[in-house]
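Hi,

Here is the model I promised to pass on to you.

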Amino acid sequence: MKSFAPNSSYTALILDDEKSGRDMAEYFLREYAQDLFGKILIASSIEEAREKIMGNTIDVAFVDIELKGEKGLALAPYLPKETLIVVISAYPEYALQAIKLNVVDYILKPILAGDFESMLQRLKSKMQPKVQEAPAITKESPGSMVIRDGGVNIIVPLQDIQYIEAAGAYSKIVTANKNFIVSKTLKALLPLLPDSFTRIHRSYIVPQSTIISFKGNTVWLSNGKQIALSKTGKKQLQLQYGYL
């Protein structure tokens, strides 16, 4: 089992529509996990939680299921895949649905200290140690970028990048050998890339060298991948390739 050293560098998001539920979850986090979470964000609705996600790197989301007019697990698609989810609910019948989303744990209300401590052990076994001394991605040279992965600076040649995909507040850089998750949105990442990279859709940036063809709302890449093409992205490609 990998070692884990708490350093209070993680961010937790609590989603619960009831103040008593939010207060209870926050109390347990501050009482039992103050060495783990340096920042705790609170939301009472999916919309409010999405606003928190846009401006923060959420490491763990503590989610109630029954909200007013909506289900807490509806937040899952808006979270980066690296974000861990813990359900805190008064309703045991949603456990199967939660399991399908690969949640770390399912705690029933009212929270018991033993259940919470057991959850923390499972949580720590899945969390990656954080390194904070430098940005997640920087320019190294005109032909490469430095990506921080697991505390190691990896030089990634730009020619190895097949495409970049939006992942909430993160971006997924796809290469032939490995995928990297960086803590920048596509909007923030694009200025770090040369002009040969084009944002063809709100969810994709691609290097022109990987594009084989495009038609309608689809782009075909050299690795066989088909990705979405927006109207704006199509106009960009038409201008860049001299197509009228």
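First, the ground rules. This is a predicted model, in which local features need pLDDT of at least 70 and side-chain atom pairs count only at pLDDT 80 or more, while totals for chains, interfaces and linings use all residues. Residues are numbered from 1 along each chain as its sequence is written, and side-chain values use heavy atoms, with hydrogens and water left out.

**Cores**

A nonpolar core here is a set of buried Ala, Val, Leu, Ile, Met, Phe, Trp, Tyr and Cys residues joined through side-chain atoms within 4.5 Å. Buried means under 20% relative accessible area, exposed over 50%, and partly exposed in between (1.4 Å probe, protein chains only). The largest such core has 23 residues, and those with the most contacts inside it are Leu-29, Phe-37, Phe-62, Val-86 and Leu-123. At least two of its residues come from each of strand 1 (10-15), helix 1, strand 2 (37-43), strand 3 (60-63), strand 6 (84-89) and helix 4. Helix 4 gives the most, with 4 residues. (Helices are DSSP runs of H or I with at least four residues, strands are runs of E with at least two, and both are numbered from the N terminus.)

Leaving aside neighbours within four places in sequence, Phe-62 is in contact (heavy atoms within 4.5 Å) with residues including Leu-13, Leu-29, Phe-37, Val-86, Met-119 and Leu-123. A second, separate core has 22 residues, among them Ile-58, Ala-61, Leu-67 and Ala-98.

**Aromatic pairs**

Rings of Phe, Tyr and Trp (its six-membered ring) pair if their centres lie within 6.5 Å; planes under 30 degrees apart count as stacked, over 60 as edge-to-face and the rest as tilted. The whole structure holds 7 aromatic pairs. One of them is the tilted pair of Phe-28 and Phe-116, at 5.2 Å centre to centre with 40° between the planes. This pair links distant parts of the chain, with Phe-28 in helix 1 (residues 19-32) and Phe-116 in helix 4 (residues 113-126), 88 residues apart. Phe-28 and Phe-116 are both buried. Tyr-91 and Tyr-94 make an edge-to-face pair, with 6.4 Å between centres and 80° between planes. Tyr-91 is partly exposed at 37% relative accessible area, whereas Tyr-94 is buried at 15%.

**Ile-85**

Ile-85 sits in strand 6 and is buried, with a relative accessible area of 10%. Not counting residues up to four places away in sequence, Ile-85 touches Ala-61, Val-63, Ala-76, Leu-79, Val-103, Val-104 and Asp-105.

Three strands form an open antiparallel sheet in the order 16-17-18; two strands pair if DSSP finds at least two bridges between them. Strand 16 (211-215) and strand 18 (226-228) stand at the edges with a single partner strand each, so one side of each has no neighbour in the sheet. Strand 17 (residues 218-221) is joined to strand 18 by 3 bridges, and Trp-220 has Gln-226 in strand 18 as its bridge partner.

Best wishes
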